[in-house]
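Work through the exercises below with the model open. Try each task before you read its solution.

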Amino acid sequence: MEIEHDEDELTPLHTANLILFLAESAKKKITPMQLNKLTYFSYAWCLHKLGKKIFNEKIEAWKFGPVIPSLYHEFKRFGSSAIEEHGVSVNYTDVDTIGNLEIPVLGPEHREIAKVVMSVFEHYKDYSASQMSNITHKNGSPWSIARAKEGYNTPLEDADILKRCKKLLKNETT
């Protein structure tokens, strides 16, 4: 299966900022590790539900699971504490109402991505960083496959991410 990329270049920071916005709206505090995992899950769900990547940056197999390097570096200053501010360098051009929230988007064409990210947030918002990390560390996960092939810092393959996401979402609905 060929995986498309949204032509209007989204970055991991766009997704992360949307997750931070959703967390603020839900009065939830999230750590950098939770943010990285939620962004990873959003990427996986978009591969599965929309058939496209939401950003081009490679997700890597780090010690504590899949990591998006730019997000790690953007938010590492918070350590294991709650993130207190949004990432920088993201200009939104539009606001879209989804459900009862007005959310920042790059434009109306990103509405379906925002809906998937919202679904991911709703699904995992009460999971701790270690609970999300445990999900990503299971045998057969894209993280474990990449690590077994070439060790830490190896990029995860989209085909492995998609296969695992399909399996997990199928198991949750049956």
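**Exercise 1. The chain as a whole**

Task: State what share of the chain counts as buried.

Solution: The model is predicted. Its chain has 174 residues, and 50% of them count as buried. Turn next to the surface. The accessible surface is about 9000 Å², with 49% belonging to carbon and sulfur atoms. Finish with the contacts. Take those between residues at least 6 apart in sequence: 69% of them join residues at least 24 apart.

**Exercise 2. The order of elements**

Task: Find how many helices and strands the chain has, and in which pattern they follow.

Solution: Count first. The chain holds seven helices and seven strands. Then read along the sequence. The pattern is β-α-α-β-β-β-α-β-β-α-α-α-β-α.

**Exercise 3. Helix α1 against helix α4**

Task: Describe how α1 and α4 cross, and list the residues in contact.

Solution: Start with the axes. Helix α1 spans residues 12-25 and helix α4 spans residues 111-124; their axes come within 10 Å and cross at roughly 55°. Therefore α1 is oblique to α4. The crossing is right-handed. Now list the partners. From α1 come Thr15, Leu18, Ile19, Leu22 and Ala23; from α4 come Ala114, Val117, Met118 and Phe121. Sort them by class. Eight are nonpolar, one is polar and none is charged.

**Exercise 4. Helix α2 against helix α4**

Solution: Helix α2 covers residues 32-50. On the α2 side, the contact uses Leu38, Phe41, Ser42, Trp45, Cys46, Lys49 and Leu50. On the α4 side are Glu112, Ile113, Val116, Val117, Ser119, Val120, Phe121, His123 and Tyr124. By class, the contact has 11 nonpolar, three polar and two charged residues.

**Exercise 5. Ser141 and helix α6**

Task: Is Ser141 buried or exposed? Say where Ser141 sits and what Ser141 contacts.

Solution: Locate Ser141 first. The residue lies in the loop between α5 (129-137) and α6 (142-150). Next, check the area. Ser141 has a relative accessible area of 1%, so Ser141 is buried. Then look for contacts. Leaving aside neighbours within four places in sequence, Ser141 touches Thr136 and Arg164. Move on into α6. Its buried residues are Pro142, Trp143, Ser144 and Ala146. Just after α6, Gly151 takes a positive phi of about 90°.

Notes:
Residues numbered from 1 in each chain as written. Predicted model: local features only at pLDDT ≥ 70, side-chain atom pairs only at ≥ 80, totals over all residues. Heavy atoms only, no water. Axes fitted to C-alpha atoms, helices over the stretch in contact; angles between N-to-C directions. Helix = DSSP H or I, 4+ residues; strand = E, 2+ residues; numbered from the N terminus. Parallel < 35°, antiparallel > 145°, perpendicular 65-115°, else oblique. Left-handed = near helix turned anticlockwise from the far one by under 90°. Contact = heavy atoms within 4.5 Å. Nonpolar A, V, L, I, M, F, W, Y, C, P; charged D, E, K, R; others polar. Buried < 20%, exposed > 50% of the residue type's maximum accessible area, 1.4 Å probe, protein only. Areas by Shrake-Rupley, 256 points an atom, 1.4 Å probe, with all protein chains shown as cover.
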